[in-house]
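Visitor: Please bring up the structure, and then talk me through some of its details.

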Amino acid sequence: MTRLAVLVGTRKGLFILKSGRDRRRWSMAGPHFLGQVVNHAVLDPRDGRTMLAAVRAGHLGPTVFRSTDAGRTWREAKRPPAFDKAPAGEAGESVAHVFWLAPGHAKEPGRWYAGTSPQALFVSEDGGESWRGVKGFNAHPDRRQWIGSGQEAPPDGGTLHSINVDPFDPAHLYIGLSAGGVFETRDRGATWSPLNRGCAADFLPDPSAEYGHDPHCLRVHPVARDVVYQQNHCGIYRLERAASRWQRIGANMPARIGDIGFPLVLHPRDPATAWVFPMDGTTVWPRTPIGGRPAVYGTGDAGRTWKRLDQGLPKAQAWFTVKRQAMGADTLDPVGLYFGTTGGEVWASFDEGAKWHCLCLHLPHVYSVEAAIPA
């Protein structure tokens with residue numbers, strides 16, 4: 001019986017790796033949506049059966065698919081995320097792709113959030129069947145300034161990502177905007193505030209600007225109140241909300257490695273433990289492992305010190321990228337870590353990064369990795 005699933009979204013479909021809790025033997029299901037882009041796929045931890053997948057299908061365009069049997073069968077949402085029709089004479093917006101999916105609070109079954117490109121937020125109250133825009137963000141008078149002109153955005157367009165629901169307060173959400181910054185709401189999206197104090201923005205005329213930053217991945221700790229981490233275009237940061245100012249814990253990384261990267265993973269129980277995957281962020285931003293020698297770096301003391309974790313990984317000539325959604329963790333003990341590469345590999349560690357194993361090769365370009373415990 002499957003006790004662990006790793007959902008791997010790729011450029012050409014969704015693959016589901018399955019194992020028992022001992023994580024000794026693995027099988028693969030899929031591909032689902034063969035030939036279609038799957039930006040993100042998530043199992044609802046509230047019921048252990050519902051899965052949503054953010055799919056960019058050639059014939060359907062950007063949409064969301066839903067499964068109620070842990071990924072065996074799928075059905076498209078009745079009303080996918082889409083902008084309201086613009087008034088006559090005004091330019092409208094259209095969703096280019098659904099990028100990030102997040103289940104709502106444990107006390108709000110059926111509630112989901114979705115982030116899109118261009119940067120907008122959508123919510124579903126019926127388990128992902130139908131979606132509506134969060135007007136407090138999408139129609140905010142400052143949204144256009146927050147998301148920028150598009151010239152600052154990544155090649156695939158700016159995205160709203162890293163949707164985090166405060167585990168202690170369902171009305172409190174954090175989001176990340178590529179080329180925008182971190183924002184939060186304490187009233188389910190009716191009002192929003194930038195949350196970027198302390199973050200560097202070396203690419204802006206004003207490096208301490210209130211918004212315009214580029215968070216790559218934002219994580220709120222699931223059991224420790226008000227502990228937030230982010231991997232940013234300009235470093236690794238930690239925030240305790242009593243201070244409301246980010247601290248650059250990445251400054252403690254080895255100087256030859258730096259603190260630039262895309263994904264960030266938190267230990268599900270220990271708020272002082274986190275893992276990142278550093279990338280070469282020098283002059284031309286090659287976005288590859290430094291020197292072609294990939295490694296995960298972990299901290300067990302909230303970023304005061306970092307340890308290189310590369311046993312089992314290629315020792316040289318490995319030039320892949322690990323994207324912001326392509327690294328995750330399970331909740332077992334010891335914690336299992338997983339990451340997927342642009343070269344189609346999925347790597348795993350079953351001892352919190354001490355040793356790595358390649359679970360599979362030759363998948364399409366990996367966009368997202370999520371570990372989950374099915375019911």
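**Side chains, pockets and overall build**

Guide: Let's begin with arginine 238, which is buried, with a relative accessible area of 13%; buried stands for under 20% relative accessible area, exposed for over 50% and partly exposed for what lies in between, with a 1.4 Å probe and protein chains only. Please keep in mind that this is a predicted model, in which local features need pLDDT of at least 70 and side-chain atom pairs count only at pLDDT 80 or more, while totals for chains, interfaces and linings use all residues. Residues are numbered from 1 along each chain as its sequence is written, and side-chain values use heavy atoms, with hydrogens and water left out.

Visitor: Which residue forms a salt bridge with arginine 238?

Guide: That partner is glutamate 240, and the closest N and O atoms of the two are 2.6 Å apart. A salt bridge here is a side-chain nitrogen of Lys or Arg within 4 Å of a carboxyl oxygen of Asp or Glu. Glutamate 240 is partly exposed, at a relative accessible area of 43%.

Visitor: And how many salt bridges does a search of the whole structure find?

Guide: The search finds 15 of them. One of these salt bridges brings together the side chains of arginine 144 and glutamate 93, at 3.3 Å from N to O. This pair links distant parts of the chain, 51 residues apart, with arginine 144 in helix H2 (residues 143-147) and glutamate 93 in the loop between strand E7 (75-76) and E8; helices (H or I, at least four residues) and strands (E, at least two) are DSSP runs, numbered from the N terminus.

Visitor: What about glutamate 108, is it buried or exposed?

Guide: Glutamate 108 counts as buried, at 15% relative accessibility. Its salt bridge is with arginine 188, with 2.6 Å between the closest N and O atoms. Those two residues lie 80 residues apart, glutamate 108 in the loop between E8 and strand E9 (112-117), and arginine 188 in the loop between strand E14 (181-185) and strand E15 (193-194). Arginine 188 counts as partly exposed, at 37% relative accessibility.

Visitor: Changing topic, how much space lies in the largest pocket?

Guide: It holds about 1200 Å³. On a 1 Å grid over the protein atoms alone, a pocket is an open set of points with protein on both sides within 12 Å along at least five of seven lines, whereas a cavity is a set of points where a 1.4 Å probe fits but cannot get out, and lining residues have an atom within 4 Å of a point. The points are joined across faces, edges and corners, and a volume is the space filled by probe spheres set on them.

Visitor: Which residues lie nearest the centre of the largest pocket?

Guide: Of the 36 residues in its lining, Pro45, Pro103, Arg219, Pro222 and Glu370 lie nearest the centre.

Visitor: How many cavities of 30 Å³ or more are there?

Guide: There are two. The largest has a volume of about 40 Å³, and its lining includes Ile257, Tyr297 and Arg308.

Visitor: Last one, what does the secondary structure come to?

Guide: The protein has two helices and 27 strands. Its C-alpha atoms fill a box of roughly 60 × 50 × 40 Å along the principal axes, and 58% of the 375 residues count as buried.
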